[in-house]
Amino acid sequence: MSGRARARGARWARGAAALVLPAALAAAPATAWAHAPTAPGNWRLVDAETFDRSLDDAGTPWTRDDDGPSSPYNVDEYDNDGAFFETMGGPAFRQQLGTFATYRKSFRFGAKGWLTAELAARDADKDGKPDAPPTLTSRKGVANLDEPSHQGGVVIRSTNALPSEYRVEMTLRGLDFGGQRNGSWDYPDGRVNGYSPKGCKTNFPWAPGGDFSRPECSWADVRTDSNGFYYLGIMDYDRVAPHNNVFIHTRRKVAMDSYNRYKYTGTGLRYCNPSTKQYEPYPSGTGNGVNAIFMTDDRRYATQPGTEYLMHSECGVAKGGAIVSQVDLRPELLPKESYKFAIERRGGAYTMEMSGVFAHVGRATYRYTRAFVQDGEPIWHYNQKPEEYDGRFNADWTWNGPGGTLVDRDTWPAGSAYPDQFMIGDPHMNFYEGKAQVDDVRLYVPNSK
Ligand SMILES: [Ca+2]
Ligand SMILES: [Ca+2]
Ligand SMILES: [Ca+2]
Ligand SMILES: [Ca+2]
């Protein structure tokens, strides 16, 4: 059912784990190459999207798709109709899921269709039309991702699996997915952390546990929880598209995203101040942090799915615990300024890179590199081929709930293989809403190839 193990019987190749790169390479000014179609480190550009040609999702109709067994969006037991939710929610989950319909659209764009847009929306009144659906359009050479309801999702992904070594990058020109503005989580236009003030907004009907029979408005309030956006992430399955947030948290290899928690004063998040190289409590920032996270095989939560986090920053390396923001963005500077995000897979390691004008330090570039296996900790599902991995991090995940017991067997067995697919946008169909402007998505491969 999971589709995780694709091929069997291959042998382990030791080379991938042997190379250990320094935790952080020196920062360099971004301006030297910000507008050139080349990147440092001996890369060759193979695909680029400037968004100068018209892009409009209106040309593609919405079609109903509920992630059922015959759906192209059916992935595993954590997807929208997955067995995990039947286990944790009991019969109430199936009943709640049946109260609405999901609509999706997908289309290729860019040279030879190298990019794919995936949009999803909910039809709560089941009149055959999605309610407050997201849109993807281009204007003045920039892509607009617009999501008026948190129950929608919109992402730009690679159409085909990425090569064995690559650099992918994007430029962010506008950002309105929560965080403080002018020092406040509550905006003058009435929005709260980027969410519309109208109606209840909850994580219904997907949660890792709790009473699934509650009415929709009694579920967890997302407006006063968090908003966010994926600047760039690498997912581990083929048809990357919006799903519930529990699913997303099990399918990431590495990601740079935001997780902007409304008026949060707890210890679950912290900033690294790159100027002092000291951790600071979350309220010391503006709620516009970038979380660059290498996922690993340990479970982050005892009672719900999700991989543990390895977080490199100017403050050091942290495993688990408080989520570390490496930088705090200044969205008020956009679009005059811009941010560039890049992820590289090369030489047996992943690198995450962010450039732009950040709080405390001004214009800077930060790069964090981690080997596929470093200090005994793997990057989750790093192997694109069976021979890159020997099965040593395999496990079963067991879930007990009102619906019984579910065993997710072989979460990372020998013989498995996981494609790299990049993703930009908001993949969560029960969290996050807002707008973002994206530009210059580029794919490079090593110059020697
Ligand atoms: Ca399914
Ligand atoms: Ca409707
Ligand atoms: Ca452009
Ligand atoms: Ca959303």
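Guide: Two strands pair if DSSP finds at least two bridges between them, strands being DSSP runs (E, at least two residues) numbered from the N terminus. The model discussed here is predicted, with local features needing pLDDT of at least 70 and side-chain atom pairs pLDDT 80 or more, while totals for chains, interfaces and linings use all residues. Residues are numbered from 1 along each chain, chains are lettered from A and ligands numbered from 1 in the order written, and side-chain values use heavy atoms, without hydrogens and water.

Visitor: How do you know that strand S12 and S17 pair?

Guide: Strand S12 (residues 269-273) and S17 share three bridges, in the parallel sense; at least two are required, so they pair. Arg270 stands opposite Val324 in S17.

Visitor: What is the strand order of the open sheet of three strands?

Guide: The order is S13-S12-S17, with mixed pairing. Strand S13 (278-281) and strand S17 (323-325) stand at the edges, because each has a single partner strand.

Visitor: Why is Asp439 called buried?

Guide: Buried means under 20% relative accessible area, exposed over 50%, partly exposed in between (1.4 Å probe, protein chains only). Asp439 has 5%, and is therefore buried; Gly141, with 12%, is buried too.

Terms used. Helices (H or I, at least four residues) and strands (E, at least two) are DSSP runs, numbered from the N terminus.
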